[in-house]
Amino acid sequence: MATSAANIGMMDGAYFVGRNEILSWVNATLQLSLSRVEEAASGAVQCQMLDMVHPGIVPMHKVNFDAKSEYDMIQNYKLLQEVFNKLKIEKHIEVNKLVKGRPLDNLEFLQWLKRYCDSVNGGIMNENYNPVERRNKVGKERSLRGIHKSSKSLQANSLLITDLKLSVDNMEKERDFYFAKLRDVEILCQRPEVEHLSVTKAIMKILYAADAQDSPLAEAQELLDNSINADARAEETQ
């Protein structure tokens, strides 16, 4: 039954059903208020139509009724194509045309869909199916998943911030530790009995170097070498 409905030709009476009749059928069946066929371009309407005629086949929790971007619409049509495959409906969905919101393409697809739905169970719809309640349930489930994802994201961000704070704290402690060591060396070098020594002057040159890029080590070593050489010469003259 599904295959014969899928294979209807373009001259079939289904494609002569007018735009207003199609809109009335969609609005009455799903309790919507569409005024243009292109408002069904997101694919959500088609998914719910199949959910009504084949309960439990469509993963409605994945259907995005608020789809506005082509990407989100395409995800709905992927679900619809998967349902077609499950039901062995040999119908190719012209997704690229439908998501563009082209009226004629969307009208033809809805005409086909009406013919298909009419062919299932003699066109008798499930009276126990509440389309509004179904959409609301889907909306709540999507909202809860969104909140859950946001909560996970916030938790991940919170952990990241905590790790960063710990890293900063550890760096500050390490900085303070080495600064305290350098301060001890500075105080020791400022003692009167050693401040005149060449090695002390070399150390102070390193401590008080202002330019972080140019190392003062070579200059300090030169100062120390000159002092050692001067002392050596002084000893030779004695």
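Biologist: Is N106 buried or exposed?

Modeller: First, the ground rules. This is a predicted model, with local features needing pLDDT of at least 70 and side-chain atom pairs counting only at pLDDT 80 or more, while totals for chains, interfaces and linings use all residues. Residues are numbered from 1 along each chain as its sequence is written, and side-chain values use heavy atoms, with hydrogens and water left out. Now the term. Buried means under 20% relative accessible area, exposed means over 50%, and partly exposed is in between (1.4 Å probe, protein chains only). N106 has a relative accessible area of 0%, so N106 is buried.

Biologist: In which helix does N106 lie?

Modeller: Helices here are DSSP runs of H or I with at least four residues, numbered from the N terminus. N106 sits in helix α6, residues 103–119.

Biologist: Which residues is N106 in contact with, leaving aside neighbours within four places in sequence?

Modeller: Contact means heavy atoms within 4.5 Å. By that rule, N106 touches V37, E38, A40, A41, Y77, L98 and G101.

Biologist: Now the rings. How many aromatic pairs are there?

Modeller: A pair of aromatic rings is described by the distance of the centres and the angle of the planes. Rings of Phe, Tyr and Trp (its six-membered ring) pair if their centres lie within 6.5 Å; planes under 30 degrees apart are stacked, over 60 edge-to-face, and the rest tilted. The count is four aromatic pairs. Take F84 and W112: their centres are 5.5 Å apart, the planes are at 55 degrees, and the pair is tilted. This pair links distant parts of the chain, with F84 in helix α4 (residues 70–86) and W112 in helix α6, 28 residues apart. Both F84 and W112 are buried.

Biologist: Why is the pair of F109 and W112 stacked?

Modeller: The planes of F109 and W112 are at 0 degrees and the ring centres 5.9 Å apart, so this pair counts as stacked. The two residues lie in helix α6, three residues apart, about one turn of the helix. F109 has 5% relative accessibility, so F109 is buried. W112 is buried too, at 0%.

Biologist: Which residues do ring pairs link into a cluster?

Modeller: The cluster holds F84, F109, W112 and Y116.

Biologist: On to charges. How many salt bridges does a search of the whole structure find?

Modeller: Side chains of opposite charge can pair when their charged atoms come close. A salt bridge here is a side-chain nitrogen of Lys or Arg within 4 Å of a carboxyl oxygen of Asp or Glu. The search finds ten. One of them joins R36 to E39, with the closest N and O atoms 3.7 Å apart. R36 is partly exposed at 47%, and E39 is partly exposed at 33%. R36, E38 and E39 are linked in a network of salt bridges.

Biologist: What does R102 form a salt bridge with?

Modeller: The partner is D105, with the closest N and O atoms 2.8 Å apart. R102 is partly exposed, at 43%. D105 has a relative accessible area of 16%, so D105 is buried.

Biologist: And how far apart are the closest N and O atoms of R191 and E193?

Modeller: They are 2.4 Å apart, in a salt bridge. R191 is partly exposed at 43%, and E193 is partly exposed at 43%.
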